Amino acid sequence: DTFGIRESLSRLGIQSQNLGSSTGLNWLDSGESFFSSSSPADGSLIARVQMTSPDTYESVIATAQLAFEKWRLVPAPQRGEIVREIGNALREVKPDLGKLVSYEMGKSYQEGLGEVQEMIDICDFAVGLSRQLYGLTMHSERPGHRMYEQWHPLGLVGIISAFNFPVAVWSWNAALAWVCGDVCIWKPSEKAPISGIACQLIVGKIFAKHGMPEGISCLLMGDYRIGELISQDSRVPLVSATGSTRMGKLVGQAVGARLGRSLLELGGNNAIIISEQADLDMAIRGALFGAVGTAGQRCTSTRRLIIHQNVYEEVKSRLKSAYSKLVIGNPLDEKNHVGPLIDQDAVNGYLAAIEKVKAAGGKAVVEGGVLEGAGFESGCYVKPTIYEAENHFDIVQHETFAPILYLMQYETLVEAIALQNGVPQGLSSAIMTTNMREAEAFLAVSGSDCGIANVNIGTSGAEIGGAFGGEKETGGGRESGSDAWKAYMRRQTNTINYSSTLPLAQGIKFDI
Ligand code: UN1
């Protein structure tokens, strides 16, 4: 145990066998089958988790419904106080939880710590929000009338999260939902369930310490079948789902069929435009982290570089040399830059994408491949690869969750923006330029069509203060900062008549 992972697991309270369904402090025995979570870092078993059965699902929902009746009556700033304590508890466990995330998911330890930091940040944000949650006041057209709007909690919020950010994306949803007065039902990815258990162990204690009922933070374990239960359940007014576009369409359809609300954060196909007036040192740095960080498994990962023809060769050769210096290996070893992919399926997806880009006529700039031998026994380590490709290639139009970067050239900015927008996804985008006109054109109405558009910053690594999400097949949802909290509440418009007559709006006469 070179990296102290077993000690971290024991400090986090993880057992070798864990019950996966919980309403807070209570863990429910489903009497069903277990599944296991192995680390893509070294292939070894981390722990086993019990799958949630349909009966257990029902009792979790019933407990959550009762909890909502009470939680919604707790004043929002007091709810914020509890979220503040959750943030403080996360500060204490940051090294252990960061390590577990790194070990279970495969991102570097630094990125694991960064993920926990995002959780701490959103807690702080939510605490502030708990004294806001502002509605507007309006001027009534009728004398002696007052109009305003208020925001009330929605109820049960279903959270379906992905393996790549196994804990941060849950916290973006949960921290906001809690201060808004909602209760949460979380299904973590079946590929990273242990990180979810660790979080539930932390928050369950805090709610109990404050005398809060069971059911404010609930955990469910399993695959898409649990996702289906949540999506079809009209007792869950909001389902927030992060993952593939394929998954999101299923969730969106099921939730839509019952006219529920869904908040979808799906695939990206993010590009950086590198202008001939870019600071190339920054452009290379931004592209490198964007493409190989988290082994290309962020929804914000940089998949395409759209490079001005006058700097194309230079960017290409500098990238080639930067890639040659990348050290691939155990993510817990801080000398390594790139960890493994999540599992064998992901490796197969990576290999298939390389075959497809080659078949379409793509040319390798940096060859890919699966790494073998000492340290790579899990079979999940792959070489970050670069291909020259055309935007219209079918494979380039798809998101492959792996470190594959496609290069393409442009001549005019209009052309570059058309390439950038010319994919079905619309999450993140960036331009590297020192030219203010180019930067503003990229951000203008005729510029990037993405939910995130950056200047002289890569496509990944958004701060929690902004609304996070994207357009088109990315699903349109916005999580995290800005006014994303509104998705977790219902708006009520109130008109109050304090006069002694009852005039109708629009001046309608109705006398008898
Ligand atoms: C994701 O990949 O699902 O902007 C979330 C980023 C991170 C979050 C990514 N803050 O890259």
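Glu265 counts as buried because 29 C-beta neighbours sit inside 10 Å (the cut-off is 20 or more other C-beta atoms within 10 Å, with C-beta atoms placed from the backbone). Keep in mind that this is a predicted model: local features need pLDDT of at least 70, side-chain atom pairs count only at pLDDT 80 or more, and totals for chains, interfaces and linings use all residues. Residues are numbered from 1 along each chain as its sequence is written.

**Around Glu265**
- The unreviewed UniProt entry puts its "active site" annotation on Glu265; such annotations may be inferred rather than shown by experiment.
- Glu265 belongs to strand E12 (residues 261-265), strands being DSSP runs of E with at least two residues.
- Setting aside neighbours within four places in sequence, Glu265 is in contact (C-beta atoms within 7 Å) with Thr242, Cys299, Gly469, Gly475, Gly477 and Glu479.

- An open sheet of 7 strands runs in the order E15-E16-E17-E14-E13-E19-E20, with mixed pairing (a pair needs at least two DSSP bridges).
- At the edges are E15 (363-366) and E20 (452-455), each pairing on one side only.
- E19 (residues 428-432) and E20 run parallel, joined by 4 bridges, and Ala430 stands opposite Asn454 in E20.

Notes. Buried ≥ 20, exposed ≤ 12 C-beta atoms within 10 Å, placed from the backbone. Contact = placed C-beta atoms within 7 Å.
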